[in-house]
Amino acid sequence: MAKVRVNIKSTFVKFRCTRFEKRLLQVKAKRANLSLSSYCRMAAMDDKIIERFTEKQIEVYKALVQYHHHFKRIGNMFKKRDPKLTEEVYLLAEEIKDHLKNFKK
């Protein structure tokens, strides 16, 4: 028989902050798709809080992926004719790839 874990939150915690701090907490909670209580609880417990991407950020990410692929292809086209240009294009493609890795953090 499986154990059922009941998670009843029965203790109430209050803390004081400025209006600005409260608004900031609300904005951060909304970005992470969490309630204010859940956000504060996770922050207090040092849990990892992941903000969700906005539609605009997702569009930018997809565009960077496309740019990375296009610059790699351009570098391949010039590989024999102009190795220096190929190297510069590859460096640009790698720089874009580094920015893409930062999205995942």
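Predicted model: local features only at pLDDT ≥ 70, side-chain atom pairs only at ≥ 80, totals over all residues.
**Ground rules.** I number residues from 1 along each chain as its sequence is written. Local features need pLDDT of at least 70, side-chain atom pairs count only at pLDDT 80 or more, totals for chains, interfaces and linings use all residues, and side-chain values use heavy atoms, with hydrogens and water left out.

I looked up the largest pocket and found about 560 Å³ of space in it. Of its 16 lining residues, V13, F15, S37, C40 and R41 are the closest to the centre. (On a 1 Å grid over the protein atoms alone, a pocket is an open set of points where a 1.4 Å probe fits, with protein on both sides within 12 Å along at least five of seven lines; lining residues have an atom within 4 Å of a point.) I sorted the lining by class: nine residues are nonpolar, three polar and four charged. Helix α2 gives the most to this lining, with five residues.

**Helix α1.** A helix here is a DSSP run of H or I with at least four residues. I checked the length of α1: at 1.5 Å a residue, its 13 residues should span 18 Å, and its end C-alpha atoms are 18 Å apart, which agrees. After α1 comes N33, with a positive phi near 60 degrees.

**The cysteines.** I counted zero disulfides, taking one as a pair of cysteine sulfur atoms within 2.5 Å. The sulfur of C40 has its closest cysteine sulfur in C17, 7.8 Å away, so the two are too far apart for a bond. C17 counts as partly exposed because its relative accessibility is 35%, between the limits of 20% and 50% (1.4 Å probe, protein chains only).

Note on methods. Points joined across faces, edges and corners; volume = space filled by probe spheres on them. Helix = DSSP H or I, 4+ residues; strand = E, 2+ residues; numbered from the N terminus. Nonpolar A, V, L, I, M, F, W, Y, C, P; charged D, E, K, R; others polar. Expected span 1.5 Å × (residues − 1).
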